[in-house]
Amino acid sequence: MPETAATADIRTPSGRLALAASPEQIALGPLDGRYQSAVAPLVDYLSEAALNRDRVAVEVEWLIHLTSHNVLPGAGPLTNDQQDELRRIVTEFDAASVTELAEIEAVTVHDVKAVEYYIGRRLPGIGIENLTALVHFGCTSEDINNLSYALGVKGAVEDVWLPAARALVAQISKMAEDNRAVPMLSRTHGQPATPTTLGKELAVIAHRLTRQLDRIARTEYLGKINGATGTYAAHVASVPGADWQHVAKSFVEGLGLTWNPLTTQIESHDWQAELYADVARFNRILHNVCTDIWSYISIGYFAQVPVAGATGSSTMPHKVNPIRFENAEANLEISSGLLDVLGSTLVTSRWQRDLTDSSSQRNIGVAFGHSLLAISNVAKGLDRLDVAEDVLAGDLDTNWEVLGEAIQMVMRAEAIAGVEGMENPYERLKDLTRGQRVDAARMQEFVQSLGLSPEAEARLLALTPGKYTGIADQLVDHLK
């Protein structure tokens, strides 16, 4: 089609179509665009704005801590009102604060220094401008950053990610309880195998995920505040009489973190690597859940409840696609990949400091965002599943050969008990069942031909694939 004036004036010099909104109004990534609502709770903990707010909080609390403990001569305790005013700098941190900080950083070209100046501007209004020099006292930027990241990650995990993950596991656990006695054919190596129950298989999933969540809940969030290379050199030079290790330890622990007494310029980030490995492992187990559920849907064990008005395929009207699980798979893979990179990068620093951790940690929110999005999708996908018990029963009824295991084991027990004619039980069942279908009549005829004791024969004749589930339903109780 020939280009008209109407089309020409909406193109950029590169020839690409210009978007109606300005670039800063358009999300580059999906987490800030199409999936923003699903990950919005993380913004208050792991966004750049949240990081800056936490930096302000750490600086403010350090100032209050130093004055409250009379660490420096001439900087005695603040009044309660002055402390409240200082803390209001944090609680009133808003969009205007973000803009102001950005303007200061444009001059300082240093994000933490901008925070120091931001706080300093507000001290005259509190009547403590004489303490401006106490803001950021003895600190290197990493003293503030490591504590801010620890607070942000701790809050994101404990307040957002863990509750969502726990809710999903509770949802799976309820499904396990509801279906504890529903018999289901197992498929080891993809082949028909000893039956189980749907509830027991779901319980396995819930148990695996719970173990990872319990590990994550026990995470230690470490922090330090010991100066440029972790020696308290500036602290001791300026105030030699203070017990700086006690000051640092009490401050870090007062923030709800675990004090790390031995560091370089940076806190070593080992706790982060440990946490991210556990979250990635949870992701990968959940990914396995998605592939299994997807497969069960494909063979009809689960029916998907259609969403009114939704389209499964642009060309095939009959389709209801398992898109929630497929979407979750992709997001879990992205999250785990990022977490792996973070874990391997953050435990390494050249000598006392390099900046690779700074760029890496800015992606923590992205990693958790993709995991949180996946958790949301799996929960929604599970909500729209119906168990097709008729399909499960039909599958069992066409696979009577799975009773071969039970029969040969009964024959072994009979042989041990002294019943004659029980030789080569495995081989005899192998000849009967391997690579061929055996129906109920043929299996029962075979059982009657074995010469079993009356009690054993009656027990096997009463057995069906749907009843050959052992104590699978009782195993669900382990979730309690």
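**Close-up 1. The buried residues of helix α6 pack against α4 (48–68) and α7 (111–120).** Packing here is contact, with heavy atoms within 4.5 Å. The model is predicted: local features need pLDDT of at least 70, side-chain atom pairs count only at pLDDT 80 or more, and totals for chains, interfaces and linings use all residues. Residues are numbered from 1 along each chain as its sequence is written, and side-chain values use heavy atoms, with hydrogens and water left out. Helices are DSSP runs (H or I, at least four residues), numbered from the N terminus.

Close-up 2. S97, E100, L101 and I104 are buried (under 20% relative accessible area, 1.4 Å probe, protein chains only). Down the axis of α6, these buried residues fall within an arc of 100°, so they line one face of the helix. The arc is taken from the directions from the helix axis to the C-beta atoms. The face turned away from that buried side carries A95, E103 and A106, which are exposed (over 50%).

**Close-up 3. The ends of α6.** D94 caps the N-terminal end: one of its side-chain oxygens lies 3.1 Å from the backbone nitrogen of A96. After α6 comes V109, with a positive phi near 55°.

**Close-up 4. The largest cavity holds about 40 Å³ of space.** A cavity is a set of points on a 1 Å grid over the protein atoms alone, where a 1.4 Å probe fits but cannot get out; lining residues have an atom within 4 Å of a point. The volume is the space filled by probe spheres set on the points. W400, L403 and I407 are among the lining residues. The largest share of the lining, 3 residues, comes from α20.

How values were computed: Helices (H or I, at least four residues) and strands (E, at least two) are DSSP runs, numbered from the N terminus. A polar contact is a pair of N or O atoms within 3.5 Å; within protein, one must be able to donate a hydrogen and the other to accept it, and residues adjacent in sequence count only if both atoms are side-chain atoms. On a 1 Å grid over the protein atoms alone, a cavity is a set of points where a 1.4 Å probe fits but cannot get out, and a pocket is an open set with protein on both sides within 12 Å along at least five of seven lines; lining residues have an atom within 4 Å of a point.
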